[in-house]
Amino acid sequence: MTKVIDCVAIGEEIMQEIQEETSQLKAKGITPGIATLLVGDDFGSKMYRGQVEKFCEEAGFNYVNKILPAEATEEQVKEAVLELNADHEVSGILPLRPFPEHISDYAVINSIDVNKDIDCFHPFNMGRLTLGEATFPPATPAAVIEILERFARKEDKVDPKDFFEGAEIVVVGHSNTVGKPIALLVLNRNATTSVTHVFSSMKGNLEKHTTGADILIVAAGKAGLIGPEQVKEGAIVIDVGINRVKVFDEKGEPVLNEKGKQKSKTVGDVSFEAVKGKTKAITPVPKGVGSVTNRMLMKNALKACKIHYKIL
Ligand code: NAD
């Protein structure tokens with residue numbers, strides 16, 4: 001029987017844990033806080049900023065909203081980061097990218113205090129992640145691990161350590177922010193880890209790897225990339241992809257909304273309905289990994305707060 005993993009419930013569970021820990025810290029006069037840094041008015045970044053503010057409110061965190069105009073100089077952006085580094089109300093800093101073209105990502109990220117780098121952008125923290133040392137794992141990869149660990153404990157009734165050790169894990173996607181850190185996190189848990197990407201597909205080798213996976217983690221941003229023929233019977237499939245696609249009816253005709261425009265919907269990289277029956281467990285999209293991602297950022301901020309006050 002396939003288990004559709006309830007990522008929304010996992011996200012709520014984590015939020016409850018965060019709220020409890022925050023109350024305990026507040027009783028000691030300490031409040032964790034997150035600052036977002038927005039330069040310009042990129043639509044996606046503004047959306048994300050709003051979400052972070054909402055989650056901070058829900059968790060009882062301080063929230064600092066730092067906004068600079070698109071024409072701000074790189075020096076001004078770095079100065080803003082240095083101010084946030086020095087602000088005791090700010091446990092973690094989240095630069096909202098993309099920045100305007102004249103601002104170097106590298107320059108801004110390198111000026112963040114490594115103990116406030118809650119989405120693991122700084123090369124120092126990526127280095128620690130690579131070495132398997134304690135750090136702030138980036139939110140989406142951390143969400144994948146959290147989902148798998150909770151699945152191992154609750155559904156498989158095994159210790160996460162045993163769950164990962166020697167498991168055949170295949171990651172599809174090798175971006176610096178998602179695929180690569182996921183691969184490092186599972187490799188550091190002693191999984192037999194393979195990383196595939198667009199060049200594996202171009203050489204016709206993707207299926208050769210994915211069909212060997214006990215756990216298949218897909219983060220490519222390509223709707224329908226993974227069908228049943230790419231999945232081993234009884235595998236656990238984690239779909240990280242988020243794609244907007246047009247909606248068609250059974251006859252292949254576009255489905256229109258009330259304004260006469262073609263409807264669209266959010267899907268993952270895995271053909272969920274076709275693949276589901278073949279799996280032991282699978283995450284849906286929407287209401288999948290994304291429901292846990294922001295919570296992992298909050299968890300990192302909580303950790304950063306404890307590091308700051310030397311209670312970790
Ligand atoms: P990216 O574009 O930076 O990287 C895509 C990766 O997929 C690359 O490594 C590329 O080689 C690989 N790829 C592309 N086409 C492929 C193919 N045909 N076969 C095999 N591999 C292929 O994207 P990203 O930032 O890593 O994000 C990946 C997906 O995850 C996107 O859909 C993104 O929206 C989603 N995402 C989800 C969350 C979440 O919280 N659920 C968070 C971040 C990103």
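## Loops and backbone

Helices are DSSP runs of H or I with at least four residues, and they are numbered from the N terminus. In this predicted model, C120 lies in the loop between α4 and α5. Phi of C120 is near 55°, a positive value in a residue other than glycine. C120 has a relative accessible area of 4% and is therefore buried.

S111 belongs to the loop between α4 (105–110) and α5 (123–131). With 14% relative accessibility, S111 counts as buried, the cut-off for this term being under 20%. A polar atom of the S111 side chain lies 2.6 Å from the backbone oxygen of V108.

K157 is located in the loop between α6 (139–156) and α7 (160–164). Although K157 is not a glycine, its phi is positive, at about 55°. K157 has a relative accessible area of 66%, so it is exposed.

## Cis peptide bonds

R97 and P98 are joined by a cis peptide bond, with omega about 10°. P98 is placed in the loop between β4 (92–96) and α4.

Another cis peptide bond joins V285 and P286, where omega is about 0°. The position of P286 is in the loop between β11 (281–282) and α12.

## Aromatic rings

A pair of aromatic rings is described by the distance of the centres and the angle of the planes. There are two aromatic pairs in the structure. For F163 and F164, the ring centres are 5.3 Å apart and the planes stand at 85°, so this pair is edge-to-face. The cut-off for that class is an angle over 60 degrees, with the centres within 6.5 Å.

F163 has a relative accessible area of 10% and is buried. F164 also counts as buried, at 1% relative accessibility. F151 joins F163 and F164 in a cluster that is linked by ring pairs.

## Lysines over rings

What sits over the ring of F55? The charged end of K54 does, at 4.8 Å from the ring centre. The ring of F136 has the charged end of K303 over it, at 5.7 Å from the centre.

## The ligand and its surroundings

There are 21 residues around the ligand, and those that come nearest are H174, S175, V198, S201 and T293. By residue class, the shell around the ligand divides into nine nonpolar, eleven polar and one charged. Which helices each supply at least two residues of this shell? They include α9 (198–202) and α12 (290–308).

Polar backbone atoms face the ligand at several residues. The backbone of V198 has a polar atom 2.9 Å from an oxygen atom of the ligand. At I242, a polar backbone atom is 3.0 Å from an oxygen atom of the ligand. A polar backbone atom of V240 is 3.4 Å from a nitrogen atom of the ligand. The ligand taken alone exposes 860 Å², and the protein buries 73% of that area.

Note on methods: Residues are numbered from 1 along each chain as its sequence is written. This is a predicted model: local features need pLDDT of at least 70, side-chain atom pairs count only at pLDDT 80 or more; totals for chains, interfaces and linings use all residues. Side-chain values use heavy atoms; hydrogens and water are left out. Rings of Phe, Tyr and Trp (its six-membered ring) pair if their centres lie within 6.5 Å; planes under 30 degrees apart count as stacked, over 60 as edge-to-face and the rest as tilted. Buried means under 20% relative accessible area, exposed over 50%, partly exposed in between (1.4 Å probe, protein chains only). A charge sits over a ring if NZ of Lys or CZ of Arg is within 6 Å of the ring centre and within 35 degrees of the ring normal. A residue is near a molecule or strand if one of its heavy atoms lies within 4 Å of it. A polar contact is a pair of N or O atoms within 3.5 Å; within protein, one must be able to donate a hydrogen and the other to accept it, and residues adjacent in sequence count only if both atoms are side-chain atoms. Accessible areas come from the Shrake-Rupley method with a 1.4 Å probe; for residues, only the protein chains shown count as cover. Ala, Val, Leu, Ile, Met, Phe, Trp, Tyr, Cys and Pro count as nonpolar, Asp, Glu, Lys and Arg as charged, and the others, Gly among them, as polar.
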